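Hi,

Here's the structure I promised to pass on. Have a look at it first, then read on for what turned up.

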Amino acid sequence: MNNRPESITDPRLQLGVLNEEEVRRIHQATLDVIASTGVRFPLPKALDIWEAHGAAVDRETMVVKAPGHLIEEAIELAPPTYTLAARDQAQDLPLDGNHVYLGTDGCGIHVVDIDTGELRRSCLGDVADIARVADRLPEIAFHWVAVSAQDCPPETRGLHELLAVWQNSTKHVQTESIYSSHEARAGVEMAALIAGGRDRLRKRPLLSVMECTLSPLGHDSGSLKAALIGAEAGLPVGFMTMASCASTGPATMAGTLVVGNAEVISGLALIELAYPGTPVFYAAAQTAMDLRTGAYTGGGPEDFLFGAATNALADYYDVPLSMGSFATGAKEPDWQAGIENSLSTLMASLVMSDMLLGVGLLDGSRIWSYEQMLMDCEIFSIVQKMMEGILINDKTLALDAIRRVGPGGHFLTQEHTRKHMHDLWLHSLMDRRPYAEWAERSDGARDWARTEAQRILRAHHPTPLDPKLAEELQQVIATVELETV
């Protein structure tokens with residue numbers, strides 16, 4: 001089996017949601033907000049860093065007001081390209097603006113049981129099983145911790161989740177579930193043990209760190225601690241805004257883009273001021289409040305447009321983007337899930353967002369479904385094929401074959417057909433059977449997806465960690481648990 005993950009590369013389709021002038025206006029509005037209104041950084045170390053570089057710091061409110069030139073100069077220190085390393089080097093992911101990679105999302109709290117179909121609370125075993133299935137699927141290039149290990153101690157839950165993924169996959173891990181200093185230090189130590197030392201980890205970051213902002217215009221203390229610890233070790237660090245129109249952001253999409261952008265680039269600037277040259281990435285999953293319930297929607301036209309617009313901002317700052325896609329608001333794999341996940345993925349892919357998140361999650365990232373996981377991979381494969389466009393050259397124009405067949409013939413036996421038939425997209429879950437067969441069998445994509453996931457869990461066994469190394473990693477977690485009792 002070829003271990004290299006699938007990606008969207010060298011696209012022939014493109015989309016522009018914002019023009020250069022509009023991006024520039026959002027940027028200038030963002031700098032105005034950071035300088036005049038400020039962003040909250042509830043961490044003394046962060047305030048010290050800002051103050052040392054000339055920003056106005058209010059120690060009582062913990063609000064930082066930084067001049068625009070300071071933000072711009074800091075972000076210019078970030079490398080435009082770098083690689084997310086994997087345990088299997090063949091699965092390394094270059095973030096160079098010419099790849100769109102697919103990942104899981106997190107951190108769900110319920111699982112649709114793969115055997116019983118019942119909804120239940122998630123546990124550590126689910127983290128391991130999901131990682132194992134994701135390891136086998138070529139469409140999935142990297143991991144987020146998809147569900148919460150609710151049977152583990154809260155103080156070290158993120159570490160148990162990390163270890164479960166590393167034990168069941170050789171792909172890159174991007175954690176969104178570590179947001180305390182003790183877990184961050186232990187996570188870096190674990191990654192360094194796997195990499196073979198801190199220097200090797202810096203050269204080959206097996207772990208990247210994503211932290212959420214607190215909209216509007218705020219950061220979380222624990223998340224800032226974890227991000228700074230990760231950056232000190234040379235790990236790629238990103239901040240994700242989830243600002244929502246009409247609740248944690250203005251009712252207008254442009255205003256919500258400004259709020260989210262202020263949160264993200266102020267966080268990235270802090271990292272660069274503290275540790276210049278750290279690989280950083282922009283992250284976003286903005287949406288619009290459901291006007292009937294006040295809920296976070298997890299799907300809709302605003303989400304699709306945000307996905308494309310946010311990539312334009314990340315491109316403006318010349319940093320990679322980790323973008324919320326998929327993670328439909330639907331409660332089961334149905335027509336709503338298909339529409340929302342298809343459109344969100346297509347829009348984000350058309351602008352070449354580097355990392356897409358959300359595979360397998362329902363109800364706005366709350367419920368895990370193996371059926372949805374495999375369906376989402378099928379959606380990604382469709383979009384990947386569409387992004388290739390139509391190649392026009394002497395071979396694809398097929399003039400010789402057309403002349404040989406002539407009027408009224410067929411191309412089934414042509415050598416040209418044998419050479420190029422595998423260029424055509426081949427479905428795994430789409431139902432293209434005759435109606436009579438479909439009516440007789442009464443099965444479909446959800447049944448086939450569940451069966452395939454069950455087969456993978458029975459048959460797929462990724463390269464395990466060395467037993468001695470696994471024991472060392474367990475000891476790191478045990479030490480933290482003793483210290484936090």
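Let's start with a strand: why is strand E7 (residues 99-104) largely enclosed by the rest of the structure? The reason is that 6 of its 6 residues are buried, where buried means under 20% relative accessible area, exposed means over 50%, and partly exposed is in between (1.4 Å probe, protein chains only). Strands here (E, at least two residues) and helices (H or I, at least four) are DSSP runs, numbered from the N terminus.

Before going further, a word on the ground rules. This is a predicted model, in which local features need pLDDT of at least 70 and side-chain atom pairs count only at pLDDT 80 or more, while totals for chains, interfaces and linings use all residues. Residues are numbered from 1 along each chain as its sequence is written, and side-chain values use heavy atoms, with hydrogens and water left out.

Back to E7. Both of its faces are covered: His99, Tyr101 and Gly103 are buried on one side, and Val100, Leu102 and Thr104 on the other. Then there are its partners (two strands pair if DSSP finds at least two bridges between them):

- Strand E1 (residues 8-9) runs antiparallel to E7, with 2 bridges joining them; Thr9 sits opposite His99.
- Strand E18 (residues 355-359) is parallel to E7, with 3 bridges, and Val359 is the bridge partner of Thr104.
- E10 also pairs with E7 in the parallel sense, over 2 bridges, and there Phe142 stands opposite Gly103.

Another histidine, His160, is found in helix H5 (residues 157-168). His160 is buried too, with a relative accessible area of 15%. Not counting residues up to four places away in sequence, His160 touches Leu124, Cys152, Pro153, Ile477 and Glu481.

Now for helix H10 (residues 301-317). Its 17 residues should span 24 Å at 1.5 Å a residue, and its end C-alpha atoms are 25 Å apart, which agrees. (The expected span is 1.5 Å times one less than the number of residues.) H10 is mostly covered, with 12 of its 17 residues buried, among them Phe304, Phe306 and Tyr317.

Last, how many disulfides does a search of the whole structure find? The number is 0, a disulfide being a pair of cysteine sulfur atoms within 2.5 Å. Take Cys123: the closest cysteine sulfur, in Cys152, is 8.6 Å from its own, so that is too far for a bond. Cys123 is partly exposed, at 23% relative accessible area. For Cys377, the closest cysteine sulfur is in Cys107, 19 Å away, which is also too far for a bond. Cys377 counts as buried, at 3% relative accessibility.

Cheers

Terms used:
Contact means heavy atoms within 4.5 Å.
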